[in-house]
Amino acid sequence: MTDLSTPPNPVKRKYFPSSWAGRCKLISIIWGLLLVGGWLFNTNWKSETPANRPIQTLKEDYSSAVTCRSCHPGNYASWHASYHRTMTQVASKQTTASDMDGLELTDDGTDYRIDLVGDSYFVRSKMEGRAESEFSEPREIVLLTGSHNLQVYWLETGKQRTMEQFPLGYFIAEKKWAPIEQTFLVPPSAKQVSSRGEWNAGCINCHVTVGRSQPVGDRVFDSSVSDFGIACEACHAGGREHIERNRDPLHRFSLHLSDKKDQTIANPANMDGPTASLVCGQCHSIWSFNNAAAASKLDTEGAAYRPGDANMELRTVVQPFSEDSATRHETLKEYGTSFWSDGQIRVTGRELNGTMASPCFKGGEFSCLSCHDLHPDKTDEKSLASWAKDHQMGVGMNTDQACLQCHEALAVNIPEHTHHVSSSSGSRCYNCHMPHSSYGLMRAIRSHQITSPTVRESIDHGRPNACNLCHLDETLAWTADKLNEWYGHDIPALEQDDHELSAGAKWILKGDAGQRALIVWAMGWAPAKRASGYEWFYPYLIIQLNDPYAAVRFVSWKSLKSLPGFYDFSYDYTITDDAKQKAACDQAYWNWWLKVRDSRHVYQEKTVLQPSGSFRQDTFQRLLKERDNREIYLIE
Amino acid sequence: MTTSNRHLRQGWWTLFIFLTLGLGLETLHGFKIGWYLDADVEIRRLMFTLSHAHGTLLALVNIGVGLTIRCVEGFDLEKNVSGALIWGSLVLPIGFLLGGLFIHDGDPGLAVFLVPVGGFMLLYGVGCAAKELSKQLKP
């Protein structure tokens, strides 16, 4: 019988082994459990490889930007703040520039509705005006390109990893949707027939790091990339060897404590000018494949070029500067209106073409990095966001210092060289030697071909010269006289109009769409407004709201909004109905004429205006009749 | 000076020093000093934080050692063991601190090599102390 009055003898339990063998066993079990736990923790059970869009797969020696972060946090942070990173992103609620849930849009006879499901956006479409029940099956927006000016969206197609462009893009600053063909300077007749596979075949070459199109059928692709966006290894080449080698702390410290360069990674900062520039130019240039086999190789394996190489291996930068005029003509013909007729590049995003043709480049030291810092210097006090928005300029490089770092002698007496007072915008090196004569991203951009202004470039090739981009109200003859007086230029033979009419007015009325875009942009540029007097800009910007080219209308609207009385001016540049456009112009014109115009101001005859400000109809109509209406495509 | 007193004195003074360092780090935070907080000097911030944390913790260890010697009858540390504990608890956090002063991108300065030196001294000191204490506590 059990005696319940006395508690049982407590059993002494041994929680910790007393022998060394037992202790080792216990430690081994704990380690094992930790390892299994760690593995489970690191495994993302939910992630599945998406089948409806390009995916990230590392190529040979590439290891992706996230790997670089642990050792280079500062450089990673500046890259992360840059628009290079967000050039291409997987689409999600977080990466799209606007909330698109429930958005309804109409373009070209089709209604679109976008809905957020989970973290992804889906698009349904139907013919305009049809019943809700006729909406198509939803298609996911899987990828997006751009994050600075314009965001473009890519839809799944059901054909493996092939994508198709959503037909409208989103202007971030303006918070405005626009048909894709109205986001480039293209003729009004231009219409995209089909964009299926366009990203996979074309955009992938530059908008990601080491993209491989991998065509598997007729416009069907199984594309992959090393990194979405332009990541570390786009400029530093594959980093796997670098990472492996630098796991050894002794190796790292031997590099830290010596002047030796790390040979396991490419660093554009240590390259000569042309080689460093080619790192940027692998994308920022107009290039062509060397042959069909090279194109095919790039499609399947990605670019053979590695930063540090002296040439692009499968590709060549197109430079239409051949001495042989037939070759030059052929090149210019092939690349359409991307170049001025003297071979100077006229679209943005292709800066290497201009840089290579610059005299500075021939010295061998000058490169993109002479002015741009792809990682801001430690002395740069700007925030990373400001640095990114400021075109990633180096410290002081958005001032004369950019040029004076080499041309030191000119710093002694700048007015002697510029013939403008020191504080004038006419004394800024950039304004004369890198004028806004390129176009892209719906605005004028500084030419990266460093030149000196001439009147001949304007009369022979139609390129607005730097002087008249500021002195829009002056004639070409005036410019020719000044350049002759100050720099000894020959005075070329000029037409009568060039003696009598403002260059700016003439280019707007008579020029091609590219010239018109540059001049209406200049009319919103503060130095030109100061130098030319902005009163006469109003009627020109208003009539250009009715330009046949959507891009010109957009730029005119933006410039008009920079003028007093029109800061809040609202206008939809995407309207293609001519009557509606004209009505908007009329309304803006009368608003200017009755409310904004200073009736005491006397307008100059050379600006093709009457003293009161109305157009001199005879000259105005004549110039419009003489307008260069050839089709212009400026696609950056 | 007795071993116990030496550890207590060391412990309280280093506690004062590394708490002061902590206050300094808070100040750097408070004024958002880029030299300490910027992304490109992340390693400096890590080194200083580790220095503060280890220095403070090891100060408490030394106080604990001093009190243990007083509490456990017959327990004392040999001079080299005591020295290893005292110097280890100085060398290790100072290694972190100096390593954070001069950095190379993602790497600390050369002084970080003091950290493993201090670490081994501490391991030796703590191991010997545990062994000696076990002897004294045997029934």
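Let's start with two helices of chain A, α20(A) and α21(A), which sit oblique to each other. In this predicted model, α20(A) covers residues 503–510 and α21(A) covers residues 513–522. Their axes come within 8 Å and cross at roughly 135°. Why call that oblique? An angle has to be over 145 degrees to count as roughly antiparallel, and one from 65 to 115 counts as roughly perpendicular, so this pair ends up as oblique. The crossing of α20(A) and α21(A) is also left-handed.

Which residues do the meeting here? From α20(A) come Gly504(A), Trp507(A) and Ile508(A), and they meet Gln515(A), Arg516(A), Ile519(A) and Val520(A) of α21(A). Sort the residues of this contact by class and you get 4 nonpolar, 2 polar and 1 charged.

Now zoom out to chain A's domains. The domain assignment gives domain 1 (73–228) and domain 2 (447–625). The C-alpha centres of domain 1 and domain 2 of chain A lie 35 Å apart. Even so, the two do touch: 7 residues of domain 1 of chain A are in contact with 8 residues of domain 2 of chain A. On the domain 1 side of that contact, 6 residues are nonpolar, 1 is polar and none are charged.

Next, hop over to chain B. The C-alpha trace of chain B spans about 55 × 25 × 25 Å along its principal axes. Of the 139 residues in chain B, 38% are buried. Have a look at who contacts whom, too: among the contacts in chain B with a separation of 6 or more, 75% are between residues 24 or more positions apart.

Helix α1 (residues 3–30) and helix α3 (residues 42–71) of chain B pack at an angle of about 155°, with their axes 7 Å apart. That angle is why α1(B) and α3(B) are described as roughly antiparallel to each other. As with the pair we began with, the crossing has a hand: α1(B) passes α3(B) in a left-handed crossing. By class, the contact of α1(B) with α3(B) holds 15 nonpolar, 14 polar and 1 charged residues.

Finally, how do the chains meet? The contact takes 9 residues from chain B and 9 residues from chain A. The side of chain B that touches chain A divides into 2 nonpolar, 2 polar and 5 charged residues.

Definitions and conventions: Residues are numbered from 1 along each chain as its sequence is written. Chains are lettered from A and ligands numbered from 1 in the order in which they are written. This is a predicted model: local features need pLDDT of at least 70, side-chain atom pairs count only at pLDDT 80 or more; totals for chains, interfaces and linings use all residues. Axes are lines fitted to C-alpha atoms, for helices over the stretch in contact, and angles run from 0 to 180 degrees between N-to-C directions. Helices (H or I, at least four residues) and strands (E, at least two) are DSSP runs, numbered from the N terminus. Angles under 35 degrees count as roughly parallel, over 145 as roughly antiparallel, 65 to 115 as roughly perpendicular and the rest as oblique. A crossing is left-handed if the near helix is turned anticlockwise from the far one by less than a right angle, and right-handed if clockwise. Ala, Val, Leu, Ile, Met, Phe, Trp, Tyr, Cys and Pro count as nonpolar, Asp, Glu, Lys and Arg as charged, and the others, Gly among them, as polar. Domain bounds come from an automatic or database domain assignment. A residue is buried if 20 or more other C-beta atoms lie within 10 Å of its own, exposed if 12 or fewer, and partly exposed in between; C-beta atoms are placed from the backbone.
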